[in-house]
Amino acid sequence: MPPKALITGITGQDGSYLTEWLLGRGYEVHGVVRRTSSLERSRLSHLYADGSVYNQTLHLHYADLDDPTTLRRVLLRVAPDELYHLAGQSHVGLSFDIPESTCEMTAMGTLRLLEMVRDLPKPLRLFHAGSSEMFGRPAVAPQNEETPFQPCSPYGAAKVFATQMVRIYREAHGLYAVNGILYNHESPRRGENFVTRKICRAAAAIRDGRQKELSLGDTSARRDWGDARDYVRGMWLSLQQDTPRDYLFASGVLHSVQDVVEVAFASVGLDWRQHVRQDPRFMRPAEPTNLVGDASRARAILGWKPEIGFEQLITEMTSAERAQSGAAA
Ligand code: GDD
């Protein structure tokens, strides 16, 4: 019998790469999808088109994090060995505008899932996607798994609640449950309202004459950016250990939004000064500082290290945008 994995958030960037990674390892993969009027499934379309995969080794199920009955039913039917919980409202800026629904889905949604897992007849291994945003404005840099959380956004606070609940269920109820503390991770499949994709997309469109300028918020903001494909490998590795514990995944290197601009525009032969402007509409009420991670535990126990560097990632993302629009890459 092949191992079975269930993924919440399968249609997202990480869900789609994780699906490919697991299928490549012989897993039967099941995904939870929300029943909405417009289904975002483009990141999986190549798998749907493959008759040897879709409904053979990859299966989708309708369920919703805010509709526990549907989710419980899927969990009981699939009876997965591994559950990857990636779903949630993941835009930090947006969480200032819609804090209640962000917390409902990210915080309470995770607690509901833990309650269901606790009652399952067959135990499983659970991975929960935590975030560097939980550290907010940390007193130390780099951060590790022991650094106290000091979130400065509703999204960060919701993730702290969810992460702490995972720890409590592991310790109090003996669940095999793991938090990944994930720093920013990007790819050509990144959502369009995250800053790296927004910049790479604009650089490609300006280069090809489809756009004139790019408006950004705080370009001095700095992040520890890695590649999503490296991070999903870490998720999987963290569930293959005898003892469940939390792991931090990060590149350990800080870059500014301005660095992303410079690499993306230079990769298509443009001078960013002629096209980029700041717009207060994209500024956030509060920004974290010094979010840079120390992934020593993941390196020592899982043998994990990032393989794709910052410049390679941004250059690839920009050329993928050009290829997608039919222009020369
Ligand atoms: N989105 C966006 N749009 N961000 C901008 C812009 C803009 O026009 N201009 C500047 N920024 C700055 C943001 O203020 C932030 O400091 C930085 O760019 C990165 O923003 P995002 O790409 O939206 O990512 P994030 O760091 O807020 O959150 C991402 O990483 C977290 C891990 O730390 C998300 O993927 C979260 O879900 C994830 O947990």
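Biologist: How much area do domain 1 and domain 2 bury between them?

Modeller: The size of an interface is often given as the accessible area lost when the parts come together. In this predicted model, about 1,300 Å² is buried between domain 1 and domain 2, with 60% of that area on carbon and sulfur atoms.

Biologist: Which residues belong to domain 1 and which to domain 2?

Modeller: Domain 1 consists of 4-186 + 225-249, and domain 2 consists of 195-222 + 254-290 + 309-325. Their C-alpha centres are 28 Å apart.

Biologist: How many residues of each domain are in contact with the other?

Modeller: Domain 1 contributes 16 residues, which are in contact with 17 residues of domain 2.

Biologist: How many salt bridges does the rule find across this interface?

Modeller: The rule requires a side-chain nitrogen of Lys or Arg within 4 Å of a carboxyl oxygen of Asp or Glu. One salt bridge is found between domain 1 and domain 2. The side chains of R229 and E316 meet in a salt bridge, with 3.0 Å from N to O.

Biologist: How many residue pairs are in polar contact across the interface?

Modeller: Five residue pairs, both members at pLDDT 80 or more, are in polar contact between domain 1 and domain 2.

Biologist: Which elements give two or more residues to the side of domain 1 that touches domain 2?

Modeller: These elements are α4 (92-97) and β10 (226-227). The largest share, three residues, comes from α4.

Biologist: How do the residues on that side of domain 1 divide into nonpolar, polar and charged?

Modeller: On the side of domain 1 that touches domain 2, six residues are nonpolar, five are polar and five are charged.

Note on methods
Residues numbered from 1 in each chain as written. Predicted model: local features only at pLDDT ≥ 70, side-chain atom pairs only at ≥ 80, totals over all residues. Heavy atoms only, no water. Domains from an automatic or database assignment. Contact = heavy atoms within 4.5 Å. Buried area = accessible area lost by both parts, 1.4 Å probe. Polar contact = N/O pair within 3.5 Å; in protein donor to acceptor, adjacent residues only side chain to side chain. Helix = DSSP H or I, 4+ residues; strand = E, 2+ residues; numbered from the N terminus. Nonpolar A, V, L, I, M, F, W, Y, C, P; charged D, E, K, R; others polar.
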